[in-house]
Amino acid sequence: MEASPSAPPDRISYNTAIAACSRCGEWRTALRLLGEMAERVPPPRNTPDAHSYGAALSACERGGQPDEALRLLERMRSEGLRPGLVHYH
């Protein structure tokens, strides 16, 4: 994701981009953005949240990637986030 000099990307920007990838079936790009978020967004807003994971899981679902979705759920748990019902749809 390209940063603007006046508005660097934040978690909301990344979540929006990941959700857009999900709607377009671009699961690889969604996962790349999820990983990139921690590297490019300044703390403390650089950690993916439940919305980030929900959008990425949706991208995996639409892309027919159940193994990737299971890895995301495990990663989510390892980061201290508790998957909810929306994450298992």
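Q: Is Ile-18 buried or exposed?
A: Ile-18 counts as buried, because its relative accessibility is 0%. Buried means under 20% relative accessible area, exposed over 50%, and partly exposed in between, with a 1.4 Å probe and protein chains only.

Q: What kind of model is this?
A: The model is predicted; local features need pLDDT of at least 70, side-chain atom pairs count only at pLDDT 80 or more, and totals for chains, interfaces and linings use all residues. Residues are numbered from 1 along each chain as its sequence is written, and side-chain values use heavy atoms, leaving out hydrogens and water.

Q: Where does Ile-18 sit?
A: In helix α1, residues 11–24. Helices are DSSP runs (H or I, at least four residues), numbered from the N terminus.

Q: Which residues does Ile-18 touch?
A: Leaving aside residues up to four places away in sequence, Ile-18 touches Ala-30, Leu-33, Leu-34, Met-37, Ser-52, Ala-55 and Ala-56. Contact means heavy atoms within 4.5 Å.

Q: New topic. How do α2 and α3 pack?
A: Helix α2 (residues 27–40) and helix α3 (residues 50–62) pack at about 155 degrees, with axes 8 Å apart. Axes are lines fitted to C-alpha atoms over the stretch in contact, and angles run from 0 to 180 degrees between N-to-C directions. The two helices are therefore roughly antiparallel, a label for angles over 145 degrees.

Q: Which residues meet there?
A: From α2, Trp-27, Ala-30, Leu-31, Leu-34 and Met-37; from α3, Ser-52, Tyr-53, Ala-56, Ala-59 and Cys-60.

Q: And the confidence?
A: The protein averages a pLDDT of 87. pLDDT is the predictor's confidence in each residue, from 0 to 100.

Methods:
Parallel < 35°, antiparallel > 145°, perpendicular 65-115°, else oblique.
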